[in-house]
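Please keep the sequence and the 3D view open while reading.

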Amino acid sequence: MRHIISILIENESGALSRVAGLFSARGYNIESLTVAPTEDASLSRMTIVTRGSDNIIEQITKQLNKLIDVYKLIDLVDANHIERELMLVKIKTTAETREEIRSTAAIFRGKIIDVTATSYVVEMTGPSDKLDAFIATLSKDAIIEVVRSGATGISRGEQGLHL
């Protein structure tokens, strides 16, 4: 099962390495990882997407909680949450395909942020399955490059990940 683990961690060198090391030492895969400072400059929020049974995720969270850099963590899958991912996709265009790509991007609420004589760069945010669906509408030959941020998320309501 897919899990999104959100961690409040010290914003210092080596913290990311210790978390990644914990996963690799136990043979667990990190599907995506995002990290950025919070409103408190001494803390960062790390969002890890991984897959595993409930027992494996429980073991991972217990091990993460033992790390000295970790202040607090939650598995967003256990709570009502909002999840988003950012994607930039560079697409080959021709005079014949430009309008079709433009309208497809609009249907998915994508934004064309760069235009050249032979390509578009489309920016899109949303749940991962929405981004996957957009990619599936494109011809494999038309895709020049895809860059994705990985999922990030926040719980709904007044509860949150804070000290």
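**The sheet and its surroundings**

In this predicted model, a hairpin made through five residues joins strand β2 to strand β3. These two strands belong to an open sheet of four strands, which runs in the order β2-β3-β1-β4 with antiparallel pairing. The points below take the sheet, its pairings, the helix and selected residues in turn.

**Sheet order and edges**

- The edges of the sheet are held by β2 (32-37) and β4 (70-75), and because each has a single partner strand, one side of each is left without a neighbour in the sheet.
- From one strand to the next, the twist averages 15 degrees.
- Strands of a sheet pair through backbone hydrogen bonds, and the pairing can be either parallel or antiparallel.

**Pairings of strand β3**

- With strand β1 (residues 2-10), β3 pairs in the antiparallel sense over nine bridges; along this pairing, Ile9 stands opposite Ser44 in β3, and Ser6 has Thr47 in β3 as its bridge partner.
- With β2, β3 pairs in the antiparallel sense over six bridges, and here the bridge partner of Leu33 is Ile48 in β3.

**The helix on the sheet**

- Helix α1 (residues 15-25) packs on the sheet, where it touches β1, β2 and β3, and the direction of the helix makes about 20 degrees with that of β3.

**Cover of β3 and the place of Thr47**

- Strand β3 is mostly covered, since seven of its nine residues are buried.
- Thr47, which is found in β3 (residues 43-51), has a relative accessibility of 1% and therefore counts as buried, the cut-off for that class being under 20% relative accessible area.
- Leaving aside neighbours within four places in sequence, Thr47 is in contact with Ile4, Ile5 and Ser6, with Ser32, Leu33 and Thr34, and with Ala151, Thr152 and Gly153.

**A nonpolar patch on the surface**

- Leu86, Leu88, Ile113 and Val147 form a nonpolar patch on the surface, and together these residues have about 290 Å² of accessible area.

Technical notes:
Residues numbered from 1 in each chain as written. Predicted model: local features only at pLDDT ≥ 70, side-chain atom pairs only at ≥ 80, totals over all residues. Heavy atoms only, no water. Buried < 20%, exposed > 50% of the residue type's maximum accessible area, 1.4 Å probe, protein only. Contact = heavy atoms within 4.5 Å. Patch = residues over 30% accessible without salt bridge, like charges linked within 9 Å, V, L, I, M, F, W, Y side chains within 5 Å. Areas by Shrake-Rupley, 256 points an atom, 1.4 Å probe, with all protein chains shown as cover. Salt bridge = Lys/Arg side-chain N within 4 Å of Asp/Glu carboxyl O. Pairing = 2+ DSSP bridges. Axes fitted to C-alpha atoms, helices over the stretch in contact; angles between N-to-C directions.
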